[in-house]
Amino acid sequence: MSDRSFAKQPAIARMWRGRTRRERADEYEAYNYEVGIKPLIEKAAGVQTFREDRADESEFVTISYWASREA
């Protein structure tokens, strides 16, 4: 990879985690998308979101990618 192509890649990754009771996970996922993910999609260089359902709880992880700390 050349230095020039690397400069176009995001330099910062921010991670956020949240958990909720399993029976409320679908409701929380919809809320999280509207309030948390949508604004990130409009501003960040990229966004990934993950959900892991366990017996009693669900965990959500969101990673957003940014060009710089200031972004």
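**Note on the predicted chain**

1. Apart from its neighbours within four places in sequence, Ala11 is in contact (heavy atoms within 4.5 Å) with Trp66 and Ala67. Ala11 lies in the loop between α1 (3-7) and β1; helices (H or I, at least four residues) and strands (E, at least two) are DSSP runs numbered from the N terminus. The C-alpha atom of Ala11 is separated by 7.3 Å from that of Tyr65, although the two residues are 54 residues apart along the chain. Is Ala11 buried or exposed? Ala11 is exposed, its relative accessible area being 59%. The classes are buried under 20% relative accessible area, exposed over 50% and partly exposed in between, for a 1.4 Å probe and protein chains only.

2. This is a predicted model, in which local features need pLDDT of at least 70 and side-chain atom pairs count only at pLDDT 80 or more, while totals for chains, interfaces and linings use all residues. Residues are numbered from 1 along each chain as its sequence is written, and side-chain values use heavy atoms, with hydrogens and water left out.

3. The average pLDDT of the chain (the predictor's confidence in each residue, from 0 to 100) is 88, and 87% of the residues score at least 70. Over residues 1-6 pLDDT stays under 50, and the model has 1 contact beyond four places in sequence for that stretch.

4. The chain contains 2 helices and 3 strands, in the order α-β-α-β-β from the N terminus on. Of its 71 residues, 21% count as buried. Among contacts with a separation of 6 or more, 62% are between residues 24 or more positions apart.

5. Helix α2 (residues 25-43) has 19 residues and should span 27 Å at 1.5 Å a residue; its end C-alpha atoms are 26 Å apart, which agrees. The expected span is 1.5 Å times one less than the number of residues. Where does α2 bend? The helix bends by about 40° at Tyr33, the bend being the angle between axes fitted to the seven residues ending there and the seven starting there.

6. Ala25, Tyr28, Asn32 and Ile37 are the buried residues of α2. Their cover includes β1 (12-21), β2 (46-53) and β3 (57-66).

7. There are 2 aromatic pairs in the structure. Rings of Phe, Tyr and Trp (its six-membered ring) pair if their centres lie within 6.5 Å; planes under 30 degrees apart count as stacked, over 60 as edge-to-face and the rest as tilted. The rings of Tyr28 and Tyr31 are tilted, because their planes stand at 45°, with centres 6.4 Å apart. These two tyrosines are 3 residues apart in helix α2, so about one helical turn separates them. Tyr28 also forms a tilted pair with Phe60, at 5.0 Å centre to centre and 55° between the planes. That pair links distant parts of the chain, since Tyr28 is in helix α2 and Phe60 in strand β3, 32 residues apart. Phe60 is buried, at 2% relative accessible area. Through these ring pairs, Tyr28, Tyr31 and Phe60 are linked into a cluster.

8. Strand β3 also holds Ser58, which is buried with a relative accessible area of 0%. Which side chain makes a polar contact with that of Ser58? The partner is the side chain of Asp53, at 2.6 Å. A polar contact is a pair of N or O atoms within 3.5 Å; within protein, one must be able to donate a hydrogen and the other to accept it, and residues adjacent in sequence count only if both atoms are side-chain atoms. Beyond four places in sequence, the residues in contact with Ser58 include Gly18, Thr20, Ala25 and Arg51.
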